[in-house]
Amino acid sequence: MARHPSDEEIRKLHDVYASSSLDEAAGIYDSWADDYEDHMGGVGYSHPAMVAAMLARHQPAGSAPILDAGAGTGIMAGILGAMGYPTIYGFDISQGMLGLAMAKGFYKDLRTGCLGEPLDYQTDQFAACIASGVFTQGHAPLDGLDELVRVTRPGGHIVFSVARSYLGEVFETKASALERGGKWRRVDATEHYDSTPLSEDTLIAQVYAYSKDLCVMG
Ligand SMILES: C[S@@+](CC[C@H](N)C(=O)[O-])C[C@H]1O[C@@H](n2cnc3c(N)ncnc32)[C@H](O)[C@@H]1O
């Protein structure tokens with residue numbers, strides 16, 4: 001059966017899901033970067049809107065700086081700047097994606113970095129951290145959340161999408177371990193939604209908001 005054109009457009013996303021290393025994933029994004037926003041727009045890519053809305057519900061406008069983990073081509077910085085978050089930092093494993101983000105001029109600082117490894121930022125450096133479309137198979141491991149918590153200030157928020165591949169027991173095990181350790185507290189979660197609603201595939205996800213709350217700091 002012929003595939004819907006919009007599914008062809010996100011074939012590279014499925015290639016990343018199947019990738020066996022982060023180098024391979026970064027290479028796929030490098031080669032996709034120029035067409036990424038066109039293709040994701042074509043399938044109604046909804047993570048950036050969901051993550052931005054959730055951040056705005058909990059983190060006051062004017063909060064700075066915000067860290068955009070897995071920044072890609074910089075879609076989030078465009079949205080957050082317009083919503084009144086003045087200073088955005090970002091990192092990504094793909095130089096090709098970062099090149100497009102840099103060209104937009106929305107970020108104060110962009111660098112290569114990898115969720116799942118130590119991040120090159122100071123503890124408590126950021127008012128909030130976000131990650132849109134990054135915690136999913138073939139991309140960032142959930143252990144990457146540890147570093148996002150470390151670099152968020154007490155009282156700040158960590159807001160991120162989690163794809164179907166991690167939802168349920170895998171995510172709850174990681175999230176509760178951090179909560180039991182006094183590292184963060186869940187403050188909000190969306191319902192399930194389809195992150196590519198114009199595609200034939202249904203890619204179910206949720207967005208979560210956690211607070212690095214002073215009262216639970218160990
Ligand atoms: C689906 S794109 C999302 C990009 C952007 N956040 C957005 O919503 O448009 C996933 C991005 O995560 C990056 N990425 C994948 N694994 C990563 C990791 N472990 N650490 C940092 N970035 C990663 C990819 O290079 C890619 O730019």
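Because the model is predicted, local features are given only at pLDDT of at least 70 and side-chain atom pairs only at pLDDT 80 or more, while totals for chains, interfaces and linings use all residues. Residue numbers start from 1 along each chain as its sequence is written.

**View A. Helix α3 packs against helix α6.** The axes of α3 (residues 22–42) and α6 (residues 95–104) sit 6 Å apart at about 35 degrees. Axes here are lines fitted to C-alpha atoms over the stretch in contact, with angles from 0 to 180 degrees between N-to-C directions; helices are DSSP runs of H or I with at least four residues, strands runs of E with at least two, numbered from the N terminus. From α3, Tyr-29, Asp-30, Ser-31, Ala-33 and Tyr-36 meet Gln-95, Gly-96, Met-97, Gly-99 and Leu-100 of α6 (contact: C-beta atoms, placed from the backbone, within 7 Å).

**View B. The shell around the ligand.** Count 23 residues here, with Gly-70, Gly-72, Ser-94, Ser-132 and Gly-133 the closest (near: C-beta, placed from the backbone, within 6 Å). Two or more residues each come from α3, α4 (47–58), α5 (75–82) and β4 (126–135), and α3 gives the most, with four.

**View C. A cis peptide bond.** Going from Ala-64 to Pro-65, omega is near -10 degrees. Pro-65 belongs to the loop between α4 and β1 (66–69).

**View D. Asp-124 and its positive phi.** Not a glycine, Asp-124 still has phi at about 65 degrees. Look for Asp-124 in the loop between β3 (109–112) and β4.

Technical notes
Contact = placed C-beta atoms within 7 Å.
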